[in-house]
Amino acid sequence: MRPLTVLLTASGVPGCPALIRALRENGEREVRLVGTDMSELAIGRHFCDTFHLVPPGSDPAFADALVEICERERVDAILPQSSYELLTLAENEDRFGDTRVLVARPEAVRRSNDKAETYALLDAIGVRGPAWRRVTGAAEVAAAAEELGYPDIDVAFKPLVSSGSRGFRVVSASADRRRQLFENRPGVAEALRLEELVELLGADQTEALVMELARGTERTIDGIARGGRIVLGHPKTREEMRAGLAMYFQTLDDPWLMDVAARIAAELGLDHFFNIQLVGDAVIEINPRISTVVYQEDLNLPYLGVKHALGELDDEELGALATRVRPTRKALRYFDQVEWDS
């Protein structure tokens with residue numbers, strides 16, 4: 001019997017080693033893994049069965065490269081891990097022939113990736129998101145910050161399209177650059193005063209968001225959907241941040257969070273993996289892709305999602321596994337390394 005062949009894009013992301021291990025240790029059959037990434041130093045080069053360098057997901061040549069790899073490697077399913085690749089894959093899904101691409105429709109990806117579209121969607125369906133303003137240029141940034149309560153209230157600045165907290169900054173009148181200089185590690189996102197942000201932007205006309213700084217516990221809902229209906233999913237906390245990445249997670253039993261996710265999934269018509277992130281009671285991000293998974297020995301979400309996409313599990317069979325979700329389950333991420341000779 002031929003192994004199941006799964007292509008993992010962005011195979012250098014932090015969660016990739018755990019995902020690779022889960023797909024291999026599925027308890028049913030051999031899974032052959034094809035890693036792709038735009039960097040030669042991606043960990044997938046060492047953990048996958050084979051590896052290919054590809055252009056960035058936003059490059060028009062990205063889809064061509066993946067189509068060729070899928071044909072050569074006889075790939076059964078593509079499991080994307082980067083937000084920057086989703087739209088290209090969604091728009092070119094029909095080019096992959098018999099290879100199943102685990103991606104939502106192009107419109108769902110666009111509305112999720114564009115944070116202004118995301119917040120407008122939340123407003124339209126009555127789900128709480130942060131107060132927000134879509135802005136272009138330093139003058140609009142300053143005006144929007146003041147409308148939202150600055151300098152008395154801290155606000156946030158964020159690019160329209162980003163991933164993994166890239167570009168996110170707290171804008172605070174109490175930002176202390178001297179303390180940041182002496183106390184913060186390199187790479188820590190530092191708060192800025194509004195005048196500093198305006199100076200940095202200068203004549204830049206890139207569209208961005210100025211928004212309410214949501215506060216509270218960070219939580220996400222992870223799951224698998226079909227046609228806008230959540231088939232299997234559960235919430236979890238998102239804690240112990242390092243360089244914009246959560247390192248500790250606890251599975252939750254929270255019907256309210258699942259209801260929030262169900263309303264969003266229905267509005268977008270989500271398919272396959274999704275991740276919805278909240279801070280306090282405000283939804284701040286929708287990711288129509290797989291994210292960090294809290295694994296269980298009897299509930300292997302990535303493998304189940306691939307089987308579901310290939311038609312090996314129907315909605316009822318997958319949904320029945322929700323009883324296995326354990327709210328006692330926790331996950332702690334840590335750093336490891338590999339060695340090799342060139």
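These legends go with several close-up views of a predicted model. Local features need pLDDT of at least 70 and side-chain atom pairs count only at pLDDT 80 or more, while totals for chains, interfaces and linings use all residues. Residues are numbered from 1 along each chain as its sequence is written, and side-chain values use heavy atoms, with hydrogens and water left out.

**View 1. An open sheet of 4 strands, in the order S6-S9-S7-S8.** Strands here are DSSP runs (E, at least two residues) and helices are DSSP runs too (H or I, at least four residues), numbered from the N terminus. The pairing in this sheet is antiparallel; two strands pair if DSSP finds at least two bridges between them. S6 (132-136) and S8 sit at the edges with a single partner strand each, so one side of each has no neighbour in the sheet. From one strand to the next, the twist averages 30°. Angles run from 0 to 180 degrees between N-to-C directions, with axes fitted as lines to C-alpha atoms (for helices, over the stretch in contact).

**View 2. Inside the sheet, strand by strand.** Look for S7 (residues 155-159): 4 of its 5 residues are buried, so the rest of the structure largely encloses this strand. Buried means under 20% relative accessible area, exposed means over 50%, and partly exposed is in between (1.4 Å probe, protein chains only). On one hand, S7 pairs with S8 (residues 169-171) over 3 bridges, and Val155 has Val171 as its bridge partner in S8. On the other, 5 bridges join S7 to S9 (residues 207-212), where Phe157 is partnered by Val210.

View 3. H6 lies across S6, S7 and S9, at about 150° to S6. Helix H7 (residues 138-147) also lies across S6, S7 and S9, running at about 165° to S6.

**View 4. Where H5 meets H6.** The axes of H5 (residues 106-113) and H6 (residues 115-125) come within 5 Å and cross at roughly 95°. That makes H5 roughly perpendicular to H6, a label for angles of 65 to 115 degrees; under 35 counts as roughly parallel, over 145 as roughly antiparallel and the rest as oblique. Arg111, Ser112 and Asn113 of H5 make the contact with Lys115, Glu117, Thr118 and Leu121 of H6. Contact means heavy atoms within 4.5 Å.

**View 5. The largest nonpolar core, with 50 residues.** Such a core is a set of buried Ala, Val, Leu, Ile, Met, Phe, Trp, Tyr and Cys residues joined through side-chain atoms within 4.5 Å. Ile264 and Val283 have the most contacts inside this one. Not counting residues up to four places away in sequence, Ile264 touches Leu122, Ile125, Val127, Ile276, Val283 and Ile286. Apart from this core lies another, of 29 residues, with Val6, Ala77, Ile290 and Val293 among them.

**View 6. The S12 and S13 hairpin.** S12 (residues 239-242) and S13 (residues 245-250) pair in the antiparallel sense over 3 bridges. Glu239 stands opposite Tyr248 in S13. The hairpin has 2 residues between its strands, and Ala243 takes a positive phi near 50°. Ala331, in strand S16 (residues 330-332), is in contact with Met247, Tyr248, Phe249 and Val294, leaving aside neighbours within four places in sequence.

**View 7. Helix H11, mostly covered.** In H11 (residues 301-309), 9 of its 9 residues are buried, among them Lys307 and His308. Just after H11, Gly311 takes a positive phi of about 80°.
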